[in-house]
Amino acid sequence: MLTAILALGALALVFGLLLGFAAVRFKVEGDPLVEKIDALLPQTQCGQCGFPGCRPYATAIAKGEADINQCPPGGQTTIVALADLLGRDPKPLNPENGQEKVEKTVAIIREDICIGCTLCIQACPVDAILGAPKQMHTVIEKECTGCELCVAPCPVECIDMIPVKEDIGSWKWKAPPAPATRPRAESDA
Amino acid sequence: MSTRPLFSFFGGVHPPMHKDVSTGQPIDVMPLAERYILPLHQNIGQPAKPVVSVGERVLKGQRIGHAEGYVSVALHAPTSGTIADIGAYPVPHPSGLSDNCIVMTADGADEWTECVALPDYENINPSHLRNIVREAGIVGLGGAGFPSFIKLNPGTHKKIDTLIMNGIECEPYITCDDMLMRERAAEIVAGIRIIRHALQANRVLIAIEDNKPQAIKSIEEAIRGESAMEVVACPTRYPQGSEKQLVEALTGKEIPSEALPLHVGIVVHNVGTAAAVYRAIMLGEPLTSRIITVTGGGVAQPRNVEARIGTVIEDILAHCGGPTAETRKLIMGGPMMGFALHSDRAPVVKTTNCLLAATAEEIPDRGPALPCIRCGACSDACPARLLPQQLFWYAQAKDLDKIQEYNLFDCIECGCCAYVCPSNIPLVHYYRFAKTEIWAREREKEKAELARQRFDFRQTRLEREKAERAARHKKKRDELHSEEPSAAPATETKKAAILAAMERAKKKKDAPRITPANTEALTPQQQQMIEEVEQRRRQSRPNPEQQSAASNGDK
């Protein structure tokens, strides 16, 4: 009886020490789940999910504070990918967060109207607007995510969201029409 | 002709060739047109960068586009004339979209720029030769358009054993290489010698399919006396002209996925490219024209034409008596690998080997696609040894990860699978769709990564600025606090200063404000009056401070 207690106690001590050592030695910095979720988000940084950027939203999902259907730019594709990753059921996009965008857009500043107030520069989450006080601003198109955050602050309404034009480099073959299904009545007859 | 036992490649098909449609007449040189459209992007890799401006006069062969980046070649004016425009024009592309082009108006003089020939190429450094080929704008004329100078570089570690000259031309209808070999064998062989010299290759195999007996004969005559060159007549089978399949058919060596023939000590060049290299080195002429097969039931006089790069397709078809009313489809390339053109206003480019104006009988409507019955005919036909039906399933399901596991990018889009498919499934269309989807996804990923980095950077920047501001404020606060211990002496001195100032002010005030003037030589009477006034003044304002204040007020 006593031997058994002692033996088990000793084992418990050994494993406890091992686990304790492992917890210190193999400590993971940061939350790997947040990284994985963040990698699936479109990185538009638009804040439509209610969080100030994609990473904060990823953190909130990982903590269970936000649902997976709050990202309009990612749309259904992102929801399905998140559902896959987290082992949940996909659900439709929450309409409170906005509508899924059909086509990609970028911001364009009408430069003759711009008064150089820098409000859009402060609003841009990815520093894609170039300019200085009382100097004309312009959008670095390549870096614009199309988040529309710069549109509202502009006091002279000189920012337009224009659809991204398809060129030869970005052109895609359209999916061929799906093969016809076998006419059921004919085959049964 | 070689009697060597041939190896073979896997799969392939035997479509009807229709080669004799366009071999009845000799190569016809297209007359000078009024207008040429030169797309800046005519090769695999980076587009050329324009080095001329609108309105500038250029000569034939003058460089108008500069090779930008490594995988790029120069672009030249096809005739003398003026630059009419630089902008977006329709280009021959399956999308039908426009791209950047240089538009030229010919002046009719067709005046050459100065050409520097190097007949003494054997004594020239191969790297200099490569540079000339690059500056001459030469790309693989077989159809893919890979910059040829890169394939003239054997690298530092690899010895080139075999140079294969590709005169296979396995695709139906196309005969431009056939006619070139028949008529200009000497140019081709001269070009082969230059390429062999640049690569220092041991031997040269000139591969020609056995359905071109005249070309075989003509080349054999041209290489008489060349010990290292050999013509190999290959049994006709599509797609033998594809680089990897040709290497396998001639040498039995299989080139691994994502590798080049260079890895097994082999380099493959097209025979048309050899002729272009000859012109660039021996005559100093850059690539400004090529042989194009104009064929199909939609043209009255199908034949091969030598057209300048940039000639509008409409002009070429008209020159050959087309397109007739029966034309249903205009295809650039052959019926297996070509693509339908959206407009005949687009120009021909360096990679245009064939214009097929096909009638309804030539490209029959195969009817709607039926479900896959898993017969496996496509797998037997696939020369890349892929599993076309698996690729089809995954493309249909848009499973872009899985389809790459099945080596989608080893697909050469030869069309054998779709050709044998009993269900008429447009398989190649599915693979092209999947490839562009994958590329688009890669671009999205890159863009998202850039946005993430910039967002993170901005966050760090904002935090840093906040911290800096806080630090500044703290420093200021600290400075104020650090002054407090010495505050007492400081106030003492201040107080002293204030007191001193007050003293001065008082002295000033006490001093008589008005110095009486004209007080000399007063009569005793006047003196008395003054004293009386002073007396009264003292009596009415006994307080001297009040007095001074009052005197201030009076003032």
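In β12(B), which residue is the bridge partner of B:Thr162?

Modeller: It's B:Ile266. Before going on, two bits of housekeeping. This is a predicted model, in which local features need pLDDT of at least 70 and side-chain atom pairs count only at pLDDT 80 or more, while totals for chains, interfaces and linings use all residues. Residues are numbered from 1 along each chain as its sequence is written, and chains are lettered from A and ligands numbered from 1 in the order in which they are written.

B:Thr162 belongs to β9(B), the strand made of residues 162–167. Helices (H or I, at least four residues) and strands (E, at least two) are DSSP runs, numbered from the N terminus. Chain B has 15 helices and 17 strands in total. On one side, β9(B) runs parallel to β12 (residues 266–270) of chain B, with five bridges joining them. Six bridges link β9(B) to β10 (residues 203–209) of chain B, and this pair is parallel as well. Strands count as paired if DSSP finds at least two bridges between them. In β10(B), B:Asn166 has B:Ala207 as its bridge partner.

Now, how covered is β9(B)? Six of its six residues are buried, where buried means 20 or more other C-beta atoms within 10 Å of a residue's own, exposed means 12 or fewer, and partly exposed is in between, with C-beta atoms placed from the backbone. B:Thr162, B:Ile164 and B:Asn166 point one way, while B:Leu163, B:Met165 and B:Gly167 point the other way.

Follow that B:Ala207 bridge partner and you land in the largest nonpolar core, which has 133 residues. Such a core is a set of buried Ala, Val, Leu, Ile, Met, Phe, Trp, Tyr and Cys residues joined through C-beta atoms within 7 Å. B:Ala207 and B:Ile219 have the most contacts inside it. Helix α3 (residues 185–199) of chain B gives the most to this core, with nine residues. The core also draws at least three residues from each of domain 1 (19–358) and domain 2 (372–467) of chain B, with bounds that come from an automatic or database domain assignment.

Leaving aside neighbours within four places in sequence, B:Ile219 is in contact with B:Met181, B:Ala185, B:Ile188, B:Ile206, B:Ile208 and B:Val231. Contact here means that C-beta atoms, placed from the backbone, lie within 7 Å.

One last stop is the loop between β9 and α2 (176–183) of chain B, where B:Tyr173 is found. Most residues other than glycine have a negative phi. B:Tyr173 is not a glycine, yet its phi is positive, at about 75°. B:Tyr173 counts as buried because 26 other C-beta atoms lie within 10 Å.

Terms used:
Two residues are in contact if their C-beta atoms, placed from the backbone, lie within 7 Å.
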